[in-house]
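A short report in plain terms will do.

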Amino acid sequence: MTGSVDETAETAEAAETAEAAEAPEAAESAEADEAAQWWATAVSHVEPGSIELRERPIQQLIGSASLVDVIWLLLRGGTPSARESALLEAALVAGVDHGPQAPSIAAARMAATCGIGLNNAMATGINMLGDSHGGAGQQCVEMLTDVRARHATGLDWDTAAQEVMADWQSRSRYLPGFGHRFHPVDPRRDPLLGLVRDAVADGVVAGDHLEAALAVESVLRRRRAGARPVPMNIDGATAVIYAELGFPAPLARGLFVLSRSVGVLAHAWEESGQGRRNKGPVPRGVVPARLPPVQGA
């Protein structure tokens, strides 16, 4: 038998009431899902009582993984071999500091005397690491990758280097990673390249980017015969390491910034303890020279 009209109406009304009750819950669930996706990340996952880095519980990393290993883990999603970790660590150590001759270090020290706090002093120095000061490593990886790509088409290393160098120097007279305004020979070059050569011999890295860098250096040496040499500098040597380890070019800059931040911190901390205020870029007894007025200004 079919139900009465009243029973049918009551059933429909109950269904509508249930749907109305479920609607806010569904909306809240959708909003929660959207919020969860807003900062969705594979780098880390944090819940009450739990911290995971790339799905590795932090308690498993503490005391067993080095800082370099964790840097690799966060950037690459895996763990390096012992030799890869040692090579990355060597590059990071080599770039930590270059004294107040480096604008980023000098700026951090000046900032520390202005009463802005250690974190802001560090930020001041780190924010000066741009294309001209701090970006050469990234640019060098890009250049060496170009050389490697041309070599892969069948050109010998020297010819590939010459073609890429001509292309780069059509836009700027500087070749990133080569020459140093302060060091005739950068003392960090040989130790770093020696480690790369050992890693190539042991099959840890392929060695193509090393060959590309040495080809560029060889072309420069012949081109500048009798003049001041322009050997590979810290940016070039670390670019070789970062590229051989498989880091994309932008991360060569990021890793240099990470490395140099150690020196920025040390200098800012030292300066903050010396009691000087508003320390300028030149000693007080030096008065900057006056330039002639600009015509029409």
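The bridge partner of E47 is S50, which lies in β2. Strands here are DSSP runs of E with at least two residues, helices are runs of H or I with at least four residues, and both are numbered from the N terminus. The model is predicted: local features need pLDDT of at least 70, side-chain atom pairs count only at pLDDT 80 or more, and totals for chains, interfaces and linings use all residues. Residues are numbered from 1 along each chain as its sequence is written, and side-chain values use heavy atoms, with hydrogens and water left out.

**The sheet**

β1 and β2 pair in the antiparallel sense over four bridges; two strands count as paired if DSSP finds at least two bridges between them. Strand β2 (residues 50-53) is also joined to β3, by two bridges, and these two strands run antiparallel. Along this second pairing, L53 stands opposite R56, while E52 faces P57.

Together the three strands make an open, antiparallel sheet in the order β1-β2-β3. β1 (44-47) and β3 (56-57) are at the edges with a single partner strand each, so one side of each has no neighbour in the sheet.

| Hairpin | Residues between the strands | Residue with positive phi | Phi |
|---|---|---|---|
| β1 and β2 | two residues | G49 | near 85° |
| β2 and β3 | two residues | R54 | near 50° |

**Helix α3**

Which residues of helix α3 (residues 67-76) are buried? They are V68, V70, I71, W72 and L73, where buried means under 20% relative accessible area with a 1.4 Å probe, protein chains only. Their cover includes the strands β2 and β3 as well as the helices α2 (58-61), α4 (82-94) and α12. Just after α3, G77 takes a positive phi of about 85°.

**Helices α7 and α12**

Helix α12 (residues 249-272) also packs with helix α7 (residues 136-152): their axes come within 7 Å and cross at roughly 155°. That makes α7 roughly antiparallel to α12, a term used for angles over 145 degrees. The axes are lines fitted to C-alpha atoms over the stretch in contact, and angles run from 0 to 180 degrees between N-to-C directions. The crossing of α7 and α12 is right-handed.

On the α7 side, the contact (heavy atoms within 4.5 Å) is made by G137, Q138, Q139, V141 and E142, and on the α12 side by A249, P250, A252 and R253. By class, this contact has four nonpolar, three polar and two charged residues.

Conventions: Parallel < 35°, antiparallel > 145°, perpendicular 65-115°, else oblique. Left-handed = near helix turned anticlockwise from the far one by under 90°. Nonpolar A, V, L, I, M, F, W, Y, C, P; charged D, E, K, R; others polar. Buried < 20%, exposed > 50% of the residue type's maximum accessible area, 1.4 Å probe, protein only.
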